[in-house]
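Hi,

Here is the structure I promised to pass on. Have a look at it first, and my notes on what turned up follow below.

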Amino acid sequence: MKPEMQPLRRSFPGEAANPPWKLPPPLFDARCRACWFTAALLVLVLASFVSLELDWAAFASIEAARSMGRFVAEFFPPDLSPVFVHKVVWAAWETLAMSALGTLMAAALGLALAVPASRMSSQDPAWLRSPTRWLLNALRAIPELVWAALLLISAGLGPMAGTLALALHTSGVLGRLFAEAMENVPTGPGDALRTQGVGSLRVFAYATLPQVLPQLMSYTLYRWENNIRAAAVLGVVGAGGLGQLLSFHMGLFHMNKTATILGAMLLMVACVDALSFAARRWLTR
Amino acid sequence: MPPARSRPGAPARDPALAARVLWLSLALVLLWPLGAATEFRPWVLWAPENRKVTADFVRSFWPLVYSAEFMQMVLRETWRTVAMATAGVTLALVLAVPLSLLATRVLSLSALSGRMGRWPAVLRWCVRATLIVLRSIPELVWALVFVRVVGLGPTAGVLAIALTYGGMLGKVYAEILESGESHATQTLMRNGSGRLQAFVYALLPSHAAELASYTVYRWECAIRSSVVLGFVGAGGLGQQLDNSMKMFNGGEVATLLLVFIALVALADRVSAWLRKALA
């Protein structure tokens, strides 16, 4: 009998996936990576639920359902008086402006950091590559909201702290994406200029940048879309926009006004989603 | 060839000067209202009193606080952050899996013969709308609402993550399930198998890797957002960070930020490794 004809536990090509005469494989096998992975996952999930001491009764009892219902009922009717609607519209515009200005500054800062963070040519020693990448990672790892809370100390309450926070976090994200785009660019045009003795600044301006510009633009627009959503909630720590209005009125239990603000937030996010969907369809047509 | 610049007496003019000036001034005109709306006054940062406060705060970052008692608390809160994210994603799966199965167009029996029936189409549209509404409300807003209803603590955070991520996962699952080749699924259903059977034996095997890797990616995102949720009182690292910041305790803030960066980097690594192993 040839060795490969022996019935083994694993299935081979040419053999049915689960031959009828064979017993199913054992449920756990020390060599099976998927089994270990599943076991670890189960342990993690169980440990999470046990250690958190979740208050199941708070949301799984009739009493909780009633209090939730009362809470939702207080939202109605939303406050649609012209004075307040005007205030909400202004806050929505502030949110949009925060996200636009923050993204613009982030694009500029990200580009400035992406240049030292990328190896432009094979001769480029790129001394600053790892330190700059560390800086970009740190900027990116701290969320906008934490940046905003930190910046409140030096910039004071208001939309400027939010704008700067968006700019700092997004510049980490964009800088990394920009650096990767620049490193992956075809080297031909840059090498052609470099062999003619053109300086690195002009090589960057006339060979690297024109090639990556469309990609840079699309990354920036994508982050802007994300930032509109982020800017809407940044105000919860006091950094301006719709979020600040929301946390203010929620704190004072003005539920009708809160409902209007929540509606405005939903409307804004839905508009941005629809616009970006339409733009993407139009661009990839 | 020598560049044109070296020719003596060549006019040093920029052919695109007019366009550049036009676009630059137009951009400035557009930027002005943005700056006005965001009260963007960067010189405020350099005002003497603000500069002093900032300098004092940054100076207090060093030395880091790493007493045994504090580190024990940090470890406990880090685990709570991870646990909140894990529990939230688990509950989100409970919500997302049935909804995405309801929303998938490939699993429609009436669509096998041409157009989908009216009521199945209406149902699918309603489920999709629910998913979109769930995911368009940011988790922070959900958390603010739940903190009011169930009180301070991780329950509000877990529920907020569960609802937002349920919407996100459900929508993307439905998109993934519809994106691939649907031939095997349709063959099974044409030959009389049920929709669940068709899903388990045809649709799931061809998309399992993609679904799992997206779930792992979302788990990583949930860790990041569970830190943020702490700022509205949902426990975890964020809440400690908020407390230390309010007390201007720079050393604690610096330690917590470092722990947080390390946690995010670790989650990033683990998720990248898992996604590579799953692919």
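**Helix contacts in chain A**

In α5(A), A:Arg129, A:Arg133, A:Leu136, A:Asn137, A:Leu139 and A:Arg140 touch α7(A), where the partners are A:Leu168, A:His169, A:Ser171, A:Gly172, A:Val173, A:Gly175, A:Arg176, A:Ala179, A:Glu180 and A:Glu183. Contact here means heavy atoms within 4.5 Å. Sorted by class, that contact has 5 nonpolar, 5 polar and 6 charged residues. For the classes, Ala, Val, Leu, Ile, Met, Phe, Trp, Tyr, Cys and Pro count as nonpolar, Asp, Glu, Lys and Arg as charged, and the others, Gly among them, as polar.

Before going further, a word on what you are looking at. This is a predicted model, where local features need pLDDT of at least 70 and side-chain atom pairs count only at pLDDT 80 or more, while totals for chains, interfaces and linings use all residues. Residues are numbered from 1 along each chain as its sequence is written, chains are lettered from A and ligands numbered from 1 in the order in which they are written, and side-chain values use heavy atoms, with hydrogens and water left out.

Back to that pair: the axes of α5 (residues 129-141) and α7 (residues 159-183) of chain A come within 7 Å and cross at roughly 140 degrees. That makes α5(A) oblique to α7(A). (Under 35 degrees counts as roughly parallel, over 145 as roughly antiparallel, 65 to 115 as roughly perpendicular and the rest as oblique; axes are lines fitted to C-alpha atoms, for helices over the stretch in contact, with angles from 0 to 180 degrees between N-to-C directions; helices are DSSP runs of H or I with at least four residues, numbered from the N terminus.) The crossing of α5(A) and α7(A) is left-handed, meaning the near helix is turned anticlockwise from the far one by less than a right angle, with clockwise being right-handed.

α7(A) also packs against α9(A): their axes come within 9 Å and cross at roughly 145 degrees, this time in a right-handed crossing. The residues in that contact divide into 14 nonpolar, 7 polar and 1 charged.

**Between the chains**

How many residues of each chain are in contact? On chain B it is 56, and on chain A 54. The area buried between them is about 4900 Å², with carbon and sulfur atoms giving 82%; buried area is the accessible area (1.4 Å probe) that two parts lose on being put together, summed over both.

**Salt bridges**

A salt bridge means a side-chain nitrogen of Lys or Arg within 4 Å of a carboxyl oxygen of Asp or Glu. B:Arg135 pairs with A:Asp273, with the closest N and O atoms 3.7 Å apart. A:Asp273 also forms a salt bridge with A:Arg229, at 3.0 Å between the closest N and O atoms. A:Asp273 sits in α11 (residues 255-283) and A:Arg229 in α9 (residues 200-234) of chain A, so this pair ties together parts that are 44 residues apart in sequence.

**Backbone details**

A cis peptide bond joins A:Phe76 and A:Pro77, with omega about -5 degrees; A:Pro77 lies in the loop between α3 (62-73) and α4 (82-117) of chain A. Another cis peptide bond joins B:Trp62 and B:Pro63, with omega about 0 degrees, and B:Pro63 is in the loop between α2 (48-59) and α3 of chain B.

Cheers

Definitions and conventions
Helices (H or I, at least four residues) and strands (E, at least two) are DSSP runs, numbered from the N terminus.
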